[in-house]
Amino acid sequence: MFDTKKVTVQIGDGELVFETGKIAKQANGAVYAHYAGSAVIATVCCGEAPSEPLDYVPVSVEYNEKYYAAGKIPGGFLKRESKPKDKEILVSRLIDRPMRPLFDKAFGREIQIVPTVVSSDMIHTPDIIAINAASCAVTISDIPFYGPIAAVRVALIGDEYVINPTFQQIPQAKLDIVVAGTHDGITMVEGGAKEVSEQNMLDAIAAAQPVITKICEAQMQMREICGKEKLPLMEIAEEDLSWLDEVKAYAYPLEKEASFVKGKANRYAALDQVHKDVAEKFASLIAEDEKRPGQLAKLFEDMEYEILRSSILNDGIRTDGRKVTEIRPITCEVGLLPSTHGSALFTRGETQSLAVTTLGTVQDEQLFDNIDGEKTYSNFMLHYNFPPYSVGEVGRLTTGRREIGHGHLAQRALEAVVPKKDVFPYTIRVVSEIMESNGSSSMASVCGGCLSLMDAGVPISKPVAGIAMGLITEGADYSRYVILSDILGEEDHLGDMDFKVAGTKDGITAFQMDIKIAGVTPEIMSKALNQAKEGRMHILSIMAETLPAPRAEISELAPKILSFHVADDKIGAIIGTGGKTIKAIIAQSGAEVNIDDSGEVMIYGRNNASAQEAKRLIMAIIEEPEVGHIYHGTVKRIVDFGAFIEILPGKEGLCHISKLSKKRVKNVTDVLQQGQEVDVKLIDIDRMGRLNLSYIDAIEDKEKAEKKEEN
């Protein structure tokens with residue numbers, strides 16, 4: 001009934017299988033890919049007819065995970081999958097980035113790729129299967145595509161580089177990256193690490209390349225077996241552009257001069273003015289054909305591309321005047337927001353991050369309900385916001401895929417140094433508000449986020465900094481190339497690589513690389529990593545001048561979490577009959593108190609004072625009165641022969657009238673009043689366990705101590 005085609009490729013101990021012809025046959029391309037017990041259906045469709053010529057590829061990737069894949073029912077009120085989770089958005093970006101450059105703009109139709117996880121054994125990660133399935137679906141479809149691409153996950157476990165590790169292996173890894181590429185070379189790398197060396201990173205990428213090549217060959221074999229004839233590209237009539245020769249001769253020197261004006265806003269204004277002047281000068285020539293305004297705009301873009309790249313390759317000078325290895329001026333400031341737990345302002349050139357750290361309790365942890373396994377909780381999160389005013393524009397305040405992706409990268413960079421929950425039992429949220437942007441705002445978020453964590457008193461193991469690198473090449477073999485440190489926005493847009501590296505002084509903690517050309521050599525990769533390390537060390541040294549280490553104490557405004565252990569026989573006393581005692585402690589202190597069967601006490605206070613008060617009340621309950629100790633007590637009852645004073649919760653003693661003063665006291669009320677708080681000394685515990693207190697002895701002991709301090 002079904003004309004099913006199948007190709008198998010061996011990866012590690014298992015087989016990745018691509019099948020087509022049975023499922024989703026009405027799509028332009030559909031592949032059912034499975035590896036062990038995990039499976040993905042990837043489809044691709046395109047619009048019916050080309051639209052107007054576009055200067056971008058209208059492609060969208062919608063990776064989605066079905067809960068039924070893991071035998072689960074969605075949590076929450078609505079028992080169906082709804083808006084994409086952060087994880088689904090992040091995987092969609094992993095698929096989009098290596099594939100997008102391989103579509104032809106001349107195709108002119110909207111393209112939608114939908115990889116759906118339909119089975120998960122909770123052992124093998126479905127995201128890698130989805131990337132390969134998506135590429136295979138497009139490769140065998142009738143949509144023009146200069147692929148295929150393939151991807152693997154590489155983990156460094158011990159001294160071994162493991163290809164496509166299981167969910168159970170990944171937590172043991174010192175390095176966890178996803179590597180994607182074509183048959184000819186690597187085009188994308190993304191992942192996190194626990195302070196690994198640059199050589200470890202290069203070795204991991206090298207380990208990925210042969211497997212990527214093998215998967216690409218399997219997809220090409222699939223195309224030979226059942227690939228459809230490709231749809232035609234839009235016919236673009238050859239245009240007579242000779243009229244632009246005169247325009248370029250006039251405009252090029254003006255464009256070049258404007259391209260090196262200092263300051264992003266000033267430079268853009270100067271370029272805009274040149275474009276207006278040129279359009280005005282050649283207005284009659286432009287008016288001869290309705291296509292000429294668009295052709296002129298393309299000329300300006302081509303000139304900018306040529307000027308920027310030529311200056312860097314030939315003169316080693318960038319549009320802002322820097323040398324290729326030079327990093328923009330950096331300023332750091334901490335503690336600038338008075339009512340937050342920790343804050344920092346990190347400015348690198350015209351890119352600025354206002355990073356704020358907030359400390360919370362276990363109730364603030366983030367719940368993850370994915371198909372990977374059981375529900376999990378995270379006590380560290382980083383959120384990145386990119387408001388339109390950061391680039392001087394008007395727009396909506398939204399959280400899109402870019403914001404989620406950049407935030408995830410910055411979070412990965414800092415996760416390696418954030419203390420574990422059992423050492424620092426707080427929930428930590430860092431928010432990076434991008435105040436200005438001209439390149440590498442995600443790496444500014446790493447630097448600002450690190451400083452704000454230290455300002456909040458979070459005991460991170462080491463400071464972390466991040467830097468974005470770029471690449472300009474020339475020639476088919478890329479024999480001439482220049483690596484750029486700390487790239488600007490236009491260097492990212494017009495360059496050949498966007499390469500972000502974050503880490504401590506001892507190693508890399510996060511890594512993201514997008515290459516726009518094929519076949520970047522190991523030599524280029526190695527040089528880029530080493531140049532990034534030099535830049536990272538420079539940034540770390542400047543950050544250290546502002547705040548070399550975390551503050552010794554967390555902010556007084558932050559919740560205070562205290563934990564300690566009490567003996568088993570004291571648990572009942574703390575809880576009280578029907579929880580009466582512990583409820584009273586919570587009401588009096590304003591803190592939340594939890595005690596488990598082992599005697600572990602956790603106190604969550606709104607602030608330090610609240611938590612310390614709850615601890616004092618608990619310690620008072622379990623504390624045994626000690627002879628010779630001075631207690632701060634409350635007068636509960638007054639009788640003719642003395643006063644009964646509560647020195648600990650539920651523990652009262654008698655202060656005899658003779659112990660109120662060295663002089664004779666006629667009435668107890670001449671010295672003490674009911675409800676008064678006083679210091680008394682415990683002078684004796686009699687055979688019956690009764691406590692005998694002295695008011696005058698406490699006064700005399702305090703006076704002696706004060707005199708001793710004066711001397």
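1. Apart from neighbours within four places in sequence, G192 is in contact (heavy atoms within 4.5 Å) with L175, D176, I177, R412, T509 and A510. This is a predicted model, where local features need pLDDT of at least 70, side-chain atom pairs count only at pLDDT 80 or more, and totals for chains, interfaces and linings use all residues. Residues are numbered from 1 along each chain as its sequence is written, and side-chain values use heavy atoms, with hydrogens and water left out.

2. Is G192 buried or exposed? G192 is buried, at 15% relative accessible area; buried means under 20%, exposed over 50% and partly exposed in between, with a 1.4 Å probe and protein chains only.

3. You'll find G192 in strand β11, residues 186-196. (Strands are DSSP runs of E, at least two residues, and helices are runs of H or I, at least four, numbered from the N terminus.)

4. Now look at the open sheet of eight strands, ordered β9-β8-β10-β11-β22-β21-β19-β20 with antiparallel pairing; two strands pair if DSSP finds at least two bridges between them. At the edges stand β9 (160-163) and β20 (480-485), each with a single partner strand, so one side of each has no neighbour in the sheet.

5. Zoom in on β9: it pairs with β8 (residues 150-157) in the antiparallel sense over four bridges. I157 has E160 in β9 as its bridge partner.
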